[in-house]
Amino acid sequence: MRKPTGRPRRGRGAEKEASGRRWEAAVRSRTRVADSASLVEEVHQIRVLAKKLRAYLRLLRGTLPEKLLEREERRIQRIAAGLSPARDAAICRQILRWLVAKEGKEIRRERLRAALAHFPEAVGGNVDPRAIARARAGIEARRRRLLKLIDEHPPQEQKLEKLLRSEYGKSRQRMREALREGSPDAFHQWRKRVKRLGYQTEIFCTSSRRSLARLEAKLVRLGKLLGKLQDLRVLKNRIEAHAASAEQKLLPLLEDWMAHYRKEVEREGEDCFRLGKGKFRTLLE
């Protein structure tokens, strides 16, 4: 942390320092981690925090040295990647339970319950709880590192707003590509952009930016819809690759639900990204 000089700063130096304090406070408040009730929730929290930290690092391009940013992002990626098997196993169980509650036909519910037997209750199967604890400690270290970097290299508001506008434009383009191509990978890439944009937009939501806050809420909803679509795809891929032949009968059911969520995603996406980059800029004023 910088040591106070005892003399108040003036001009751009004062503005930059004030911006740094605002950003440090905003990042700190949005990266607090609550106690987890289970290992499943622990893994989820670590992965969400990893995505947030990477989103904030992307906004700081031009403020922090590029090599430093790349090194921090790689470290965060490694932590999150180590928990992917744990998260995928938990997702499959969650989706199957959710479908059991949603389905109206008993024969389908029985097939869904039978499929649950192929996914172990213990989160992650091969992921040791000690590995999860190490991941938690690692992501907390990266969080503290980011806060220190913001203190050492206070960002400029105008530069950050410009990067946010650019991110909005890229997310808008990803939507067009996803709707044009229709491939699972295109939708997955769009989902990652939407999640990143949502985390970044939240930082800029102040009491005077109500329109921006409304857009941020829509981005959260869109991210959840895209997440549900991705979760259904994860389960479908797992069943296609590993499940017994009897469980292949679940595939048409999963495809029906995926078609349903794709329609919702398209409708919500058009609403979120109806503004051009110029109109989006006015939300930051």
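Is C92 buried or exposed? I looked it up: C92 is buried, with a relative accessible area of 0%. My cut-offs are under 20% relative accessible area for buried, over 50% for exposed and partly exposed in between, with a 1.4 Å probe and protein chains only.

Before going on, I noted that this is a predicted model, where local features need pLDDT of at least 70 and side-chain atom pairs count only at pLDDT 80 or more, while totals for chains, interfaces and linings use all residues. Residues are numbered from 1 along each chain as its sequence is written, and side-chain values use heavy atoms, with hydrogens and water left out.

**Whole chain**

I counted eleven helices and zero strands in the protein chain. Helices (H or I, at least four residues) and strands (E, at least two) are DSSP runs, numbered from the N terminus. The C-alpha trace spans about 75 × 45 × 30 Å along its principal axes. Of the 285 residues in the protein chain, 46% are buried. I also checked contacts, meaning heavy atoms within 4.5 Å. Among those with a separation of 6 or more, 77% join residues 24 or more positions apart.

**Cysteines**

I searched for disulfides, pairs of cysteine sulfur atoms within 2.5 Å, and the structure holds zero. C272 is in no disulfide, and its nearest cysteine sulfur, that of C205, is 13 Å away. C272 counts as buried too, at 1% relative accessibility.

**The core**

Next I looked for nonpolar cores, which are sets of buried Ala, Val, Leu, Ile, Met, Phe, Trp, Tyr and Cys residues joined through side-chain atoms within 4.5 Å. The largest one has 77 residues, and L99, W190, F204, L232 and F273 have the most contacts inside it. Helix α9 (residues 210-242) gives the most to this core, eleven residues. In soluble globular proteins, nonpolar side chains tend to be buried together.

What does F273 touch, leaving aside neighbours within four places in sequence? I listed Y168, S171, R172, M175, W190, V194, L197, L219 and L222.

**α7 against α10**

Two packed helices are described by the angle between their axes and the distance between the axes. For helix α7 (residues 157-181) and helix α10 (residues 251-272), the axes come within 11 Å and cross at roughly 145 degrees. Those axes are lines fitted to C-alpha atoms, for helices over the stretch in contact, with angles from 0 to 180 degrees between N-to-C directions. I put down Y168, M175 and L179 on the α7 side, meeting R262, E266, G269, E270 and C272 in α10. By class, this contact has four nonpolar, one polar and three charged residues. Here Ala, Val, Leu, Ile, Met, Phe, Trp, Tyr, Cys and Pro count as nonpolar, Asp, Glu, Lys and Arg as charged, and the others, Gly among them, as polar.

**Single residues**

L163 also lies in α7, and L163 is partly exposed at 25% relative accessible area. Beyond four places in sequence, L163 is in contact with R58, L59 and R61.

E73 sits in helix α3 (residues 66-81) and is buried, with a relative accessible area of 7%. Not counting residues up to four places away, E73 touches R54, L57, R58 and R61.

K148 is found in helix α6 (residues 129-152), partly exposed at 39%. K148 and E24 are 124 residues apart along the chain, yet their C-alpha atoms are separated by 8.4 Å.
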